[in-house]
Amino acid sequence: MRPSIVFAFCLLVGAPAFADTPAVADRGTDWSPQRATGPKDVNALGDSVNAWATASADSGAEWLKLGYAEALPIKEIRIWQNDAPGAIARVSVTVDGAEVDVWSGRDTVGRATAPVEKVITLPKPYISDTVTVHLDTARVSGWNEIDAVQIVATDGRRVWAQTATASSTYASHGGAGGGGYPLSHLVGKQVTIRTVGGPTSGTVSAVDYTWITVTAGSKTVLINQAHAATIEWRD
Ligand SMILES: [Ca+2]
């Protein structure tokens, strides 16, 4: 298998603590589709456990399907992208069991410094309780995370999603309980991490939000993720 390379700066988070206000019964696990239900709760651009993330960063077609409490005549769909925005390729609503595209194209958000709110005005109102956001994750490097998706009804009502499923989720990397850190999948793997100080090779014994612990023979090295230019591993 080919080694995978990830540009670590795409993943980094400054602080692990995020405000988490449960708005629906099932908030799911970190990065799960359920994290795109309820009100938006990510206020800074970048990775967050309170958003949905796909299992891999740049593999191509992925989707997030959101359910709402009742079918409403939808005039607008609002999508908040908190990490690597710009990969939304198509958005649909489900009407009488069939997916109807209400937008497709290039999501040209430019260089964002804060979570991006993408507003889609439907060509005409559709009565629906289901919205599907299709991503082409190959378009924008890094995890294209979605924090929340709101529908706006023709009478002005604004409703957050209640349920969500997805093509894949980073939550599956989290191990027992689905928790874990963005780089938890590296634990136990052989890696080469390059920093300005040169490469470090060995086996990852632990990760958290800041550090990667690499063991090589009798030597253990803690590498600050913020200083990693590339991390290479073999699956
Ligand atoms: Ca969220």
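Asp-96 is exposed in the predicted model, with 7 other C-beta atoms within 10 Å. Here a residue is called buried if 20 or more other C-beta atoms lie within 10 Å of its own, exposed if 12 or fewer, and partly exposed in between, with C-beta atoms placed from the backbone. Asp-96 is found in the loop between S3 and strand S4 (98–104), and has a positive phi of about 50° although it is not a glycine. Most residues other than glycine have a negative phi. A positive phi, of about 45°, is also present at Ala-84, again not a glycine. Ala-84 lies in the loop between S2 and S3 and is buried, with 24 other C-beta atoms within 10 Å.

The model is predicted: local features need pLDDT of at least 70, side-chain atom pairs count only at pLDDT 80 or more, and totals for chains, interfaces and linings use all residues. Residues are numbered from 1 along each chain as its sequence is written.

The chain contains zero helices and 13 strands; helices (H or I, at least four residues) and strands (E, at least two) are DSSP runs, numbered from the N terminus. Of the 235 residues in the chain, 38% are buried. Two residues are taken to be in contact if their C-beta atoms, placed from the backbone, lie within 7 Å. Among contacts between residues at least 6 apart in sequence, 71% join residues at least 24 apart.

Strand pairing requires at least two bridges found by DSSP between the two strands. S2 pairs with S5 in the antiparallel sense over 16 bridges, and Ala-61 has Asp-136 in S5 as its bridge partner. S2 is also joined to S6 by eight bridges, the two strands running antiparallel; the partner of Asp-83 in S6 is Glu-145. With S8, S2 forms four bridges, likewise antiparallel, and Gly-67 stands opposite Thr-163 in S8.

A nonpolar core is defined as a set of buried Ala, Val, Leu, Ile, Met, Phe, Trp, Tyr and Cys residues joined through C-beta atoms within 7 Å. The largest has 37 residues, of which Ala-36, Trp-52, Val-133, Ile-146 and Val-149 touch the most other members. At least two residues of this core come from each of strands S2 (61–83), S3 (88–95), S5 (116–136), S6 (145–153) and S8 (163–166). The greatest contribution to this core is from S2, with seven residues. A second, separate core of 11 residues includes Leu-183, Leu-186, Val-214 and Ala-228.Val-214 stands opposite Val-221 in S12. Strands S11 (residues 211–216) and S12 (residues 219–224) run antiparallel and are joined by six bridges. The two strands form a hairpin with two residues between them, and Gly-217 in the turn has a positive phi of about 65°.

Thr-195 is located in strand S9 (residues 190–195) and counts as partly exposed because 16 C-beta neighbours lie inside 10 Å. Leaving aside neighbours within four places in sequence, Thr-195 is in contact with Ile-223, His-227, Ala-228 and Ala-229. The C-alpha atoms of Thr-195 and His-227 are separated by 5.8 Å, with the two residues 32 apart along the chain.
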